[in-house]
Amino acid sequence: MQTHFGEIQKIVDLIEENFDREITAYEIESMSHYSYRNFQRIFFRIFNETISGFQKRLRLENAYKKLIYTTDTISDIGWQIGYFNIQSFSKAFKQQYHISPAVARKNKQEMFSQFIDNTQGNLPHEIRYKDPVSIYCRFIKAEDYNNQEINDLWESIENENEISDSAYGIIRDQPLITSVPHCRYGAGITHISSGISGFQKKEIFGGKYIKFTHYGSFDSILETYRIFYRFWLTESLFMLDNSDVIEEYTQSPTGEIITHIYFPLYS
């Protein structure tokens with residue numbers, strides 16, 4: 001049984017945008033034009049997860065982000081992701097992460113300690129509101145945001161399209177929370193060549209962000225992330241949102257690669 005990439009992506013988009021509620025078999029059948037059972041098989045073959053398992057994982061990963069990024073109460077966070085009492089939320093969270101939501105929040109510093117260990121230096125930052133931007137993007141599973149997989153994705157996009165404006169990277173997952181094989185990366189451009197398929201049109205930005213900038217090779221970009229998280233943990237001046245981190249790629253007049261990194265702020 002074959003299905004088109006676009007149909008799979010529509011279902012994935014639907015789940016990601018509505019992770020806080022159950023997606024019904026009727027919705028999936030209406031969008032994919034396949035029976036729920038057959039679509040479930042196709043989905044599992046591609047993602048190595050059931051649809052319900054994927055949905056539950058997204059719920060709990062977003063909950064974990066909210067626990068460490070915000071000061072919302074645990075019961076409010078459970079409600080925000082679709083659990084209507086704290087007992088069922090705590091049970092599901094503990095099954096996934098083997099600790100309670102309260103312990104996960106308490107251990108935030110410990111969770112990041114190894115990642116930011118021995119990080120030195122400071123980077124300028126600014127708070128900015130970013131208007132929405134429409135882009136065409138492709139997503140891949142990039143294991144632990146592996147540079148080689150990301151580079152291969154960009155090479156395939158550049159072979160098909162002439163990129164004259166800024167390009168964007170969408171960092172969908174927090175690798176300290178999402179298991180390494182499930183980390184998702186999106187490559188986005190503002191225009192695509194005529195007749196090119198395999199892209200989804202998406203709107204990014206549209207909110208308040210804290211912006212850091214990385215200069216030079218992507219091979220060392222992880223160090224900029226380490227500096228950001230050390231700054232965030234020690235300053236504690238703001239709360240982060242659980243939505244995507246956006247990388248904006250540009251070049252200096254001398255040809256140096258510049259990556260502006262936008263972390264969404266919680267409002």
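## Salt bridges and pockets: worked exercises

The lining of the largest pocket consists of 22 nonpolar, six polar and nine charged residues. In this count Ala, Val, Leu, Ile, Met, Phe, Trp, Tyr, Cys and Pro are nonpolar, Asp, Glu, Lys and Arg are charged, and the others, Gly among them, are polar.

The model is predicted: local features need pLDDT of at least 70, side-chain atom pairs count only at pLDDT 80 or more, and totals for chains, interfaces and linings use all residues. Residues are numbered from 1 along each chain as its sequence is written, and side-chain values use heavy atoms, with hydrogens and water left out.

**Exercise 1.** Find what Glu16 pairs with, and what the pair ties together.

*Solution.* 
- Step 1. Apply the salt-bridge cut-off: a side-chain nitrogen of Lys or Arg within 4 Å of a carboxyl oxygen of Asp or Glu.
- Step 2. Glu16 meets Arg172, with the closest N and O atoms 2.8 Å apart.
- Step 3. Glu16 sits in helix 1 (residues 5-17) and Arg172 in the loop between strand 3 (167-171) and strand 4 (184-189), so the bridge ties together parts 156 residues apart in sequence. Helices (H or I, at least four residues) and strands (E, at least two) are DSSP runs, numbered from the N terminus.

**Exercise 2.** Are Glu16 and Arg172 buried or exposed?

*Solution.* 
- Step 1. Set the classes: buried is under 20% relative accessible area, exposed over 50%, partly exposed in between (1.4 Å probe, protein chains only).
- Step 2. Glu16 has 17% relative accessibility, so Glu16 counts as buried.
- Step 3. Arg172 has 10%, so Arg172 counts as buried.

**Exercise 3.** Describe the second largest pocket.

*Solution.* 
- Step 1. A pocket, on a 1 Å grid over the protein atoms alone, is an open set of points where a 1.4 Å probe fits, with protein on both sides within 12 Å along at least five of seven lines; lining residues have an atom within 4 Å of a point.
- Step 2. The volume is about 690 Å³, meaning the space filled by probe spheres set on the points, which are joined across faces, edges and corners.
- Step 3. Of its 31 lining residues, the closest to the centre are Arg172, Lys202, Asn242, Ser243 and Asp244.
- Step 4. Strand 5 contributes the most to this lining, with five residues.
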